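Me: I have a protein model open and want to get my bearings. Can you walk me through it?

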Amino acid sequence: MAGRLAGKTAIVTGSSSGIGQSIAIRLASEGANIVVDYRNHPEGADATKQQIETVGAKAIVVHADVSKLADTQQLVDQAWQQFGGCDILVNNAGIERAADFWEVTEADYDAVLGINLKGAFFLTQAFVRRLRDAKRPGRIVNISSVHEDMAFPHFSTYCASKGAMRMLARNLAVELGPLGITVNNIAPGAIMTPINTSLLDDKPKLDALLKNIPLGRMGKPEEVAGLAAFLASDEAAYITGSTYVIDGGLMVNYHEQ
Ligand code: BGC
């Protein structure tokens with residue numbers, strides 16, 4: 001297949017829905033083979049695979065809970081077995097749980113940090129080990145959030161995970177640069193995905209959010225996917241250790257009435 005990512009293979013975690021699904025389809029439309037990862041929604045993963053095949057690329061579906069080390073290894077092993085290597089890793093899988101700080105349970109903490117941070121950490125480690133052994137370069141794109149930087153009251157576990165992702169990317173850019181592996185984060189703002197379902201169904205809350213967004217609307221998963229495809233491509237060869245905010249101006253917005 002022709003395209004910017006022709007001949008490449010990408011793992012996209014959490015690609016059965018939302019931003020991950022869009023990224024998987026976009027990378028495929030630029031020529032990459034895709035490892036579609038899901039935890040809870042096999043039907044979503046199958047839909048992603050079908051769309052990938054429609055654009056003429058190849059996909060395999062792997063059930064992996066990234067918070068489990070053995071599962072992360074499985075994702076990398078499957079990529080190498082089925083496609084002969086793996087060049088691009090998109091750490092997209094993420095969850096959030098709302099709770100006042102004083103109500104957060106150990107189970108909430110473990111669930112959110114387990115998927116958002118531990119999952120990205122050890123999957124990246126498994127991905128890098130294979131590349132290092134094979135002396136091959138690679139691209140890592142983490143989907144973090146504007147909340148790697150900006151407060152999000154009642155989401156302290158989520159913010160802790162995303163803030164850590166920010167430093168992880170910077171640290172790994174330094175350690176992995178000599179291996180020819182780049183690491184960058186994308187920090188989406190409010191994007192229309194399942195993670196935001198309760199917000200989309202709550203008009204007063206949604207209106208309050210939209211007032212904070214200079215562009216006056218939520219983002220689309222496809223818009224995040226376009227940025228991910230760029231960062232995964234050779235065009236981004238000299239970019240590493242950075243976070244790219246895509247939020248309609250949310251983060252920089254401040255005005256007095
Ligand atoms: C969160 C959304 C939130 C958005 C903007 C995202 O990271 O997942 O729930 O609406 O940030 O605050």
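Reply: Start with strand S2: six of its six residues are buried, so S2 is largely enclosed by the rest of the structure. Buried means under 20% relative accessible area, exposed means over 50%, and partly exposed lies in between (1.4 Å probe, protein chains only). Helices (H or I, at least four residues) and strands (E, at least two) are DSSP runs, numbered from the N terminus.

Me: What kind of model is this, and how are residues numbered?

Reply: This is a predicted model: local features need pLDDT of at least 70, side-chain atom pairs count only at pLDDT 80 or more, and totals for chains, interfaces and linings use all residues. Residues are numbered from 1 along each chain as its sequence is written, and side-chain values use heavy atoms, with hydrogens and water left out.

Me: Back to S2. Which residues point which way?

Reply: Asn33, Val35 and Asp37 point one way from S2, while Ile34, Val36 and Tyr38 point the other way. All of these are buried.

Me: What does S2 pair with?

Reply: S2 covers residues 33-38 and is joined to S3 by five bridges. Four bridges join S1 to S2. Both pairings run parallel. Two strands pair if DSSP finds at least two bridges between them. Ile34 stands opposite Ala59 in S3, and the bridge partner of Ile11 is Val35 in S2.

Me: How many strands are in the sheet, and in what order?

Reply: Seven strands form an open sheet, in the order S3-S2-S1-S4-S5-S6-S7, with parallel pairing. Strand S3 (59-63) and strand S7 (243-246) stand at the edges. Each has a single partner strand, so one side of each is left without a neighbour in the sheet. Neighbouring strands are turned by 15° against each other on average, direction ignored.

Me: Which helices lie across it?

Reply: Helix H2 (residues 42-54) lies across S2 and S3, at about 165° to S3. Helix H4 (residues 106-134) lies across S4, S5 and S6, at about 175° to S4. Axes are lines fitted to C-alpha atoms, for helices over the stretch in contact, and angles run from 0 to 180 degrees between N-to-C directions. Contact means heavy atoms within 4.5 Å.

Me: Where do H3 and H4 meet?

Reply: Their axes come within 9 Å and cross at roughly 40°. The contact includes Leu75, Val76 and Trp80 of H3, and Phe122, Leu123 and Ala126 of H4.

Me: New topic. Which residues touch the most others in the largest nonpolar core?

Reply: Of its 32 residues, Ile23, Leu27, Ile34, Ile52, Val90 and Ile186 touch the most other members. A nonpolar core is a set of buried Ala, Val, Leu, Ile, Met, Phe, Trp, Tyr and Cys residues joined through side-chain atoms within 4.5 Å. H8 gives the most to this core, with seven residues.

Me: What does Ile52 touch?

Reply: Its contacts include Ala24, Ile34, Val36 and Ala59, not counting residues up to four places away in sequence.

Me: And how many aromatic pairs are there?

Reply: A search of the whole structure finds three. Rings of Phe, Tyr and Trp (its six-membered ring) pair if their centres lie within 6.5 Å; planes under 30 degrees apart count as stacked, over 60 as edge-to-face and the rest as tilted. Phe121 and Phe122 form a tilted pair, 4.9 Å centre to centre with 55° between the planes. Phe152 and Tyr158 are edge-to-face, at 6.2 Å and 70°.

Me: Is Tyr158 buried or exposed?

Reply: Tyr158 is buried, with a relative accessible area of 8%.
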